[in-house]
Amino acid sequence: MIVGIDLGTTHSLIGRFDESGSRLFPNALGDVLTPSVVSVDDDGHVIIGQAARDRMVSHPEASVASFKRWMGTARETKLGKRSFRPEELSALILRSLIADAEAATGEKVTEAVISVPAYFSDAQRKATRAAGELAGIRVERLINEPTAAALAYGIQEQRDGARFLVFDLGGGTFDVTVLELFDGVVEVHASAGDNFLGGEDFLDALEAAFLADHKLGSHDLSAQQLGQLRRRLELVKRELSQQTEVRLNFALGERQIDWSITQDRFNQIVDPLLQRMRTPLERAMRDARVQPEQLDEIVLVGGASRMPLVSRLIARMFGRLPMRHIHPDQTIALGACVAAGMKSRDERLEEVILTDVCPYTLGTEIGQMDDHGRVQTGIYSPVIHRNSVVPVSREDTFWPMRDGQRALNLKVYQGESPMVVNNIKLGELEIKLDPKRPRTESAVKLRFTYDINGVLQVEAQVLATGEKYELILEQNPGLLSQEEIRTRLARLDELKIHPRDKQENLALIARAERLYEEHIQARAQLQEWIARFRSILESQDDMSIREHHREFGRALDALEQMR
Ligand code: ADP
Ligand code: MG
């Protein structure tokens with residue numbers, strides 16, 4: 001079975017396309033949103049999802065979240081005795097999602113279409129595919145998240161020429177994309193965004209306001225207290241999406257803090273964040289060369305787009321209200337399912353072929369002679385421009401700077417700055433030249449080809465001799481080689497992962513342990529409950545486990561509601 005997956009910074013979802021359309025599968029706790037959090041317990045067992053998120057509070061050193069931000073880098077996270085690459089952490093999330101899909105259908109998952117932010121670089125895309133390999137599935141197709149969102153809203157069924165703007169504010173990323181349906185094909189016309197702007201930043205702003213109001217520095221709180229405060233403020237933030245004023249009672253040691261915040265004040269403190277959203281919105285519109293009135297629909301996705309201030313920003317900038325009938329945090333996953341359906345060659349989706357854009361400019365470094373005959377190096381010469389529809393192939397011709405030059409050192413960069421130092425170097429290639437030939441006759445033709453999977457091929461040809469070169473990119477330290485993937489796959493297979501049917505009980509214990517950290521006055525009670533539940537689990541008496549599970553859950557609910 002081919003599934004669709006939204007591998008999010010904060011939450012991940014899985015589903016597939018069947019007779020009734022896109023369908024998402026719930027995890028062991030009955031939720032379609034699985035927190036993208038990994039934790040390792042004292043026995044070295046891996047814990048994923050809500051239980052892992054609770055363990056962020058009780059066992060912060062053994063838990064990790066938001067690792068999507070590190071995709072494409074070699075950063076390792078130590079959890080318990082082992083270190084994990086971001087691809088491996090993502091693979092563990094994928095494995096857990098796959099188990100949920102297999103439990104729901106009884107079928108085996110062989111392949112997935114995974115969504116990635118439009119802004120993901122080549123390295124980040126490759127890392128996402130490596131994560132798929134490490135999870136034991138095939139990932140032939142990555143889909144840009146905004147493209148998936150538009151599919152969920154049925155752009156493919158609109159009249160020809162329909163234009164959509166997709167606004168995606170998730171936990172840590174912001175994407176704006178303009179799409180058009182042209183001849184039955186969904187085309188991405190422009191995408192822009194900010195990889196470091198999301199719902200978390202609104203939480204940070206709320207936290208800063210709370211601390212400032214009480215003349216507290218973040219060092220005045222222990223890590224546990226800070227974690228607890230953020231959990232509570234997250235709820236405050238969500239309530240502010242519905243209510244004009246929200247109260248918070250927070251115990252800080254002996255001190256009982258009573259705080260309240262109005263929607264107006266919240267809007268005020270997050271205004272700088274709101275202003276940051278304008279630039280990508282304007283840029284995407286400019287790059288796509290469309291006027292607000294030419295947009296057929298504006299689609300809001302991402303959990304953080306639930307904040308009313310987002311709709312208001314859209315209304316102010318575009319003079320109309322966005323469309324919203326799908327849960328904004330499920331939209332992308334539902335669209336990924338549509339794409340998975342296409343991949344399985346579902347007839348109803350036959351005509352719709354997706355085209356994407358290359359989200360960044362790709363080019364090479366050149367030197368220029370100034371008026372005094374001095375050579376200025378480090379100048380960026382774009383070959384493929386940002387927002388070119390892929391697959392795209394462009395060529396350009398370059399000459400050596402001087403006569404008698406023996407070689408042309410060709411460096412390939414990705415980025416938008418006119419100076420290469422500010423861009424990302426992808427690789428380089430040395431092209432041999434005949435030093436006896438004058439520079440004007442030593443032209444080198446360069447061809448850049450960027451395909452739908454985000455793979456860049458660079459070909460160079462010395463025109464005088466016909467000699468050809470192909471760019472072998474240097475091993476990117478941020479990427480795993482095929483051999484490393486194989487080794488790491490074997491190591492991941494050795495990891496002990498709690499079976500799916502144990503997860504509900506595991507999540508309950510993780511939640512109790514989190515509450516233990518948070519409610520000092522209830523610790524003795526919690527410790528007793530945890531011990532009792534653990535011993536009942538050991539009895540392996542299913543009836544009694546279920547009964548106590550319910551009871552324990554209710555007791556924790558009651559404690560959680562205590563403010
Ligand atoms: P990602 O794509 O990064 O995994 P999601 O689309 O799941 O993220 O969005 C997660 C973000 O949405 C979090 O920052 C969360 O605080 C925020 N969020 C979810 N529901 C609400 C709400 N009702 N009001 C405000 N923010 C919300
Ligand atoms: Mg998302």
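Ring pairs link F210, F250 and W259 into a cluster. Keep in mind that this is a predicted model, and that every value I give is computed from it. Searching the whole structure turns up five aromatic pairs.

Let me take one of those pairs in detail, F533 with F552. The ring centres are 5.1 Å apart and the planes meet at 55°, so this pair is classed as tilted. Where do F533 and F552 sit? F533 belongs to helix α13, residues 523–539, and F552 to helix α14, residues 542–561. The pair therefore ties together parts that are 19 residues apart in sequence.

Are these two residues buried or exposed? F533 has 2% relative accessibility and counts as buried. F552 is buried as well, with a relative accessible area of 6%. The cut-off for buried is under 20%.

Now the domains. The protein is divided into domain 1, which is 2–197 + 272–357, domain 2, which is 360–466, and domain 3, which is 500–560.

Next, the ligand. Ligand 1 is surrounded by 18 residues. The closest are T10, G171, E234, K237 and S241. Sorted by class, the shell holds eleven polar residues, five charged and two nonpolar.

Which helices contribute to that shell? α5, residues 199–213, and α6, residues 223–239, each supply at least two residues. α6 gives the most, with three residues.

In the side chain of K237, an N or O atom is 2.7 Å from an oxygen atom of the ligand. In the side chain of S241, an N or O atom is 2.6 Å from a nitrogen atom of the ligand. At A304 the contact comes from the backbone: an N or O atom there lies 3.0 Å from a ligand oxygen.

How much of ligand 1 does the protein bury? Taken alone, the ligand exposes 580 Å², and the protein buries 94% of that.

To go back over the main points: F533 and F552 form a tilted pair, linking α13 and α14. Ligand 1 has a shell of 18 residues, eleven of them polar, and the side chains of K237 and S241 are in contact with the ligand, as is the backbone of A304.

Terms used
Residues are numbered from 1 along each chain as its sequence is written. Chains are lettered from A and ligands numbered from 1 in the order in which they are written. This is a predicted model: local features need pLDDT of at least 70, side-chain atom pairs count only at pLDDT 80 or more; totals for chains, interfaces and linings use all residues. Side-chain values use heavy atoms; hydrogens and water are left out. A residue is near a molecule or strand if one of its heavy atoms lies within 4 Å of it. A polar contact is a pair of N or O atoms within 3.5 Å; within protein, one must be able to donate a hydrogen and the other to accept it, and residues adjacent in sequence count only if both atoms are side-chain atoms. Accessible areas come from the Shrake-Rupley method with a 1.4 Å probe; for residues, only the protein chains shown count as cover. Helices (H or I, at least four residues) and strands (E, at least two) are DSSP runs, numbered from the N terminus. Ala, Val, Leu, Ile, Met, Phe, Trp, Tyr, Cys and Pro count as nonpolar, Asp, Glu, Lys and Arg as charged, and the others, Gly among them, as polar. Domain bounds come from an automatic or database domain assignment. Rings of Phe, Tyr and Trp (its six-membered ring) pair if their centres lie within 6.5 Å; planes under 30 degrees apart count as stacked, over 60 as edge-to-face and the rest as tilted. Buried means under 20% relative accessible area, exposed over 50%, partly exposed in between (1.4 Å probe, protein chains only).
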